[in-house]
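Here are my notes on the model you sent. Please read them with the structure open.

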Amino acid sequence: MSYTIRDVLHDELDAVLSLNEASTPAVNSLSIEKMRWFADNATYFRVCVDGDVLGAFLIGMRPGTGYDSPNYAWFCQNYDDFGYIDRVAVAINARRHGLATRLYDDFRSTLPATVGVMTCEVNLKPPNESSMIFHRRLGFRQVGTQATEGGAKQVALLEKKL
């Protein structure tokens with residue numbers, strides 16, 4: 001398959017939401033309203049597509065967006081500037097084609113040269129070991145932990161120096 005990366009279109013948000021929901025609990029569940037909010041407010045919201053087949057998406061943020069995530073808020077409190085990866089999801093039939101890596105590289109290429117770090121979080125509870133391996137391979141390191149959802153979840157807060 002030959003995937004291209006491009007900005008998300010509003011008329012494909014239902015398909016993106018379906019991919020998001022199929023990827024839980026690795027990513028949090030969302031409403032279509034929140035997905036629309038991301039489409040209108042995220043610094044970066046791009047998809048990997050092969051024709052009309054959605055293979056993956058990534059949503060990235062910068063400081064100052066008003067996003068209400070406790071993990072994003074942690075990075076806002078601890079960093080002056082950063083590129084925050086809120087979520088990435090890859091369709092089952094598109095895995096092992098390097099789409100997530102391509103999206104991370106593309107997000108990085110959109111950040112101003114003055115941004116010195118990319119950040120994200122990975123679930124520790126429930127564990128997402130494959131994501132931790134992926135992020136370590138890309139050069140991310142853990143800089144903190146945070147409990148969310150009343151302790152039902154715990155995340156590793158990660159950074160990658162650019």
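How much space lies in the largest pocket? The points below start there. Keep in mind that this is a predicted model.

1. **Pocket volume and centre.** The largest pocket holds about 1,100 Å³ of space. Its lining comprises 44 residues. Those that lie nearest the centre are Ala26, Val88, Asn128, Ser131 and His135.

2. **Who builds the lining.** Several elements give two or more residues each to the lining of this pocket: H3, S4, helix H4 (99-110), strand S5 (117-125), helix H5 (129-137) and strand S7 (153-161). S4 provides the largest share, with seven residues.

3. Sorted by class, the lining of the largest pocket has 20 nonpolar residues, 15 polar ones and nine charged ones.

4. **Helix H1, buried side.** H1 spans residues 13-22, and its buried residues are Leu13, Val16, Leu17, Leu19 and Asn20. Viewed down the helix axis, the buried residues of H1 fall within an arc of 160°, so they line one face of the helix. What do the buried residues of H1 pack against? Their partners are helix H2 (32-41), strand S2 (44-50), strand S3 (53-61) and strand S4 (83-90).

5. **Helix H1, other side.** Asp14 and Ala22 are exposed. Both sit on the face of H1 turned away from its buried side.

6. **Phe75.** This residue is in helix H3 (residues 70-78). Is Phe75 buried or exposed? Phe75 is buried, at a relative accessible area of 0%. Setting aside neighbours within four places in sequence, Phe75 is in contact with Phe82, Tyr84, Thr119, Cys120, Glu121, Leu157 and Leu158. Gly116 is 41 residues from Phe75 along the chain, and the two C-alpha atoms are separated by 13 Å.

7. **Cysteines.** How many disulfides does the count give? The count is zero. A pair would need its sulfur atoms within 2.5 Å. The sulfur of Cys76 has its closest cysteine sulfur in Cys120, 15 Å away, which is too far for a bond. Seen from Cys120, the closest cysteine sulfur is that of Cys76, again at 15 Å.

8. Cys76 is partly exposed, with 31% relative accessibility. Cys120 is buried, with 2%. Cys120 is also one of the residues in contact with Phe75.

Note on methods: Residues numbered from 1 in each chain as written. Predicted model: local features only at pLDDT ≥ 70, side-chain atom pairs only at ≥ 80, totals over all residues. Heavy atoms only, no water. Buried < 20%, exposed > 50% of the residue type's maximum accessible area, 1.4 Å probe, protein only. Helix = DSSP H or I, 4+ residues; strand = E, 2+ residues; numbered from the N terminus. Arc of directions from axis to C-beta. Contact = heavy atoms within 4.5 Å. 1 Å grid on protein atoms, 1.4 Å probe; cavity = no way out; pocket = protein on both sides within 12 Å on 5 of 7 lines; lining within 4 Å. Points joined across faces, edges and corners; volume = space filled by probe spheres on them. Nonpolar A, V, L, I, M, F, W, Y, C, P; charged D, E, K, R; others polar.
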